[in-house]
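Work through the exercises below with the model open. Try each task before reading its solution.

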Amino acid sequence: ILKQSLNLLRAMVDVISSNGWLNPALAAMDLCQMIVQAIWTHDSNLKQLPYFDDKIISACSKHDVQRIDDILNLDDDLRIKLLNMNSKQLAKVAQVCNDYPDIDVNFEIQDKDDIEVNESVILNIELERLIDEDDEENFQLGFVHAPFYPLDKPEAWWVVIGNEKTNQLLSIKRITLQHTLKLQLDFTAPSTPGDHEFSLFFICDSYAGADQVIPINITVLEASEGDEEEEEEEEEEEKEQEEEKKTDNDMKDD
């Protein structure tokens, strides 16, 4: 069952997304992380590191070490004292910390100042994995560190646009990322003019604590006169077509 669980969860995300439900989709993504790492959402992210038990995590928390990158930022002497591990264990911890994803997420809204009601809003997104300069040339992404998961697990991500206030999922794409990646997501602007806030979610399917949520703020304009006229013409054409179909059906009945 465990070996098939991620396939089932990915299918759940697809079905939920097709219905436009944001929070249930995010919950299914969180469950993927929990299954791969064998932790709960309320557990410390440090539990993903080898040899980290409750005692070590408690000692770390007293020094405000809550995240995996906090371990790397510690003074060497303090890190050795807190972890109380031998050199082989410390080397393994360092390897997993260095492999833990650190992703820079940037985006631009295409034609940001000219978005009208019900128009398509396009986000140009750039992703970059932050890698030590010495490792860039020979970098190769390996499998996720997941000692309790029974299969080799490649790292993957969901990129999602949603409205947290209305629980609407507006756009989604599942990706893999080696070093850099450019992609586009789009969604339909609201039908009411004014300022609107959405969120860009960058969610890992394998690690807890690596997710990012970035606000997207847009100003939607009234439809221009030309667009309104086109919409009215389209509505008139649709009405005429419906009337013609109705007439044809009445003639067939006679």
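**Exercise 1.** Does Tyr100 count as buried or exposed?

*Solution.* The model is predicted. Start with the cut-off: buried means under 20% relative accessible area. Tyr100 has 13% relative accessibility, so Tyr100 counts as buried.

**Exercise 2.** Classify the ring pair of Tyr100 and Tyr207, and state which parts the pair ties together.

*Solution.* The structure holds three aromatic pairs. In one of them, the ring centres of Tyr100 and Tyr207 lie 5.3 Å apart, with the planes at 70°. Planes over 60 degrees apart count as edge-to-face, so the Tyr100–Tyr207 pair is edge-to-face. Next, place the residues. Tyr100 sits in the loop between helix 6 (87–99) and strand 1. Tyr207 sits in the loop between strand 6 (194–204) and strand 7 (212–220). The pair therefore ties together parts that are 107 residues apart in sequence. Finally, check Tyr207: its relative accessible area is 4%, so Tyr207 is buried.

**Exercise 3.** Describe the surroundings of Asn106.

*Solution.* Locate Asn106 in strand 1 (residues 103–109). Asn106 has 43% relative accessibility and therefore counts as partly exposed. Now list the contacts. Leaving out residues up to four places away in sequence, Asn106 touches Asn124, Ile125 and Glu126. The side chains of Asn106 and Asp104 are joined by a polar contact of 3.2 Å. Last, take the C-alpha distance to Leu123: 9.9 Å in space, at 17 residues apart in sequence.

**Exercise 4.** Where does Arg174 lie relative to Trp158?

*Solution.* Arg174 lies over the face of Trp158. The distance from the ring centre is 5.7 Å.

Note on methods. Residues numbered from 1 in each chain as written. Predicted model: local features only at pLDDT ≥ 70, side-chain atom pairs only at ≥ 80, totals over all residues. Heavy atoms only, no water. Helix = DSSP H or I, 4+ residues; strand = E, 2+ residues; numbered from the N terminus. Buried < 20%, exposed > 50% of the residue type's maximum accessible area, 1.4 Å probe, protein only. Contact = heavy atoms within 4.5 Å. Polar contact = N/O pair within 3.5 Å; in protein donor to acceptor, adjacent residues only side chain to side chain. Phe/Tyr/Trp six-rings, centres within 6.5 Å; stacked < 30°, edge-to-face > 60°. Lys NZ or Arg CZ within 6 Å of the ring centre and 35° of its normal.
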